[in-house]
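Dear colleague,

I am handing over the structure below, together with notes on what was found in it. Please read the notes with the model open beside you.

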Amino acid sequence: MSKIEKILQELEEKLYDNKRDYIGITDIIHCPKIPKTEKPKVILGKIVDEYVKKILSKHKIKTDYELKVDYNGLIFYIHPDGIDEKKGIIYEIKSSIFDIPSDIFDLNKQYLLQVFSYLFFTHSKEVVFIFITTDKIKTYTANIEDFLQRGYKDLLKQIIDK
């Protein structure tokens, strides 16, 4: 196998690997699997996540956080992109080939529910979205009260109870 074939194989293993042996919160809130035709978005997201997580780690933000949740007998895991446990701040990285939304609550409701679940189950009080497109970087901040006022706690409970 040539060097370039080995590099390609390693990239494909890293960037296409979606195997896991646990139930995540995204499974519960029905975050659909991305079709094969959209693999470039998955690849971009993985590259951006890895790069941004390195920067977050330099600033003492934990990027390998995992929490096993037992909610009414349903066991699942949450994995926020970053968490500052001392300050109660969740960091969520999103990448897109489209424009950045004008407001955090213009994002896909599943993303917002996912982030609310991170806030709720880690008892954090704030989320910082780091939104990256091909030519822009923007951050949004919201606190748990913003989500509670929009009914995300009830929505999460309804979905998990199903």
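Ile130 stands opposite Thr139 of strand 6, and the two strands concerned, strand 5 (residues 126-132) and strand 6, run antiparallel and are joined by seven bridges. Strands here are DSSP runs of E with at least two residues, helices are DSSP runs of H or I with at least four residues, and both are numbered from the N terminus; two strands are said to pair if DSSP finds at least two bridges between them.

Before going further, please note that this is a predicted model, in which local features need pLDDT of at least 70 and side-chain atom pairs count only at pLDDT 80 or more, while totals for chains, interfaces and linings use all residues. Residues are numbered from 1 along each chain as its sequence is written, and side-chain values use heavy atoms, with hydrogens and water left out.

On the helix 4 side the contact (heavy atoms within 4.5 Å) involves residues including Leu112, Phe116 and Phe120, and on the helix 6 side residues including Tyr152, Leu156 and Ile160.

Glu92 lies in strand 4 (residues 89-95) and is buried, with a relative accessible area of 2%; buried means under 20% relative accessible area, exposed over 50% and partly exposed in between, with a 1.4 Å probe and protein chains only. The side chain of Glu92 makes a polar contact with the side chain of Lys94 at 3.1 Å. A polar contact is a pair of N or O atoms within 3.5 Å, where within protein one must be able to donate a hydrogen and the other to accept it, and where residues adjacent in sequence count only if both atoms are side-chain atoms. Leaving aside neighbours within four places in sequence, Glu92 is in contact with several residues, among them Asp81, Tyr118 and Ile130.

Ile104, in the loop between strand 4 and helix 4, is buried as well, with a relative accessible area of 4%. Not counting residues up to four places away in sequence, Ile104 touches Leu112, Val127, Phe129, Tyr140 and Ala142.

Thr122 lies in helix 4 and is buried, with a relative accessible area of 14%. The side chain of Thr122 reaches the backbone oxygen of Tyr118 at 2.5 Å and makes a polar contact with the side chain of Ser124 at 2.7 Å.

Strand 1 and strand 2 (residues 74-78) pair in the antiparallel sense over five bridges, and Asp70 has Ile75 in strand 2 as its bridge partner. These two strands form a hairpin with two residues between them, and Asn72 in the turn has a positive phi of about 55°.

Lys60, in the loop between helix 3 (39-58) and strand 1 (67-71), has a positive phi of about 60° although it is not a glycine, and is exposed, with a relative accessible area of 73%. His123, in the loop between helix 4 and strand 5, likewise has a positive phi of about 60° without being a glycine, and is exposed at 72% relative accessible area.

The protein as a whole

The protein has six helices and six strands, and buried residues make up 37% of its 162 residues.

With kind regards
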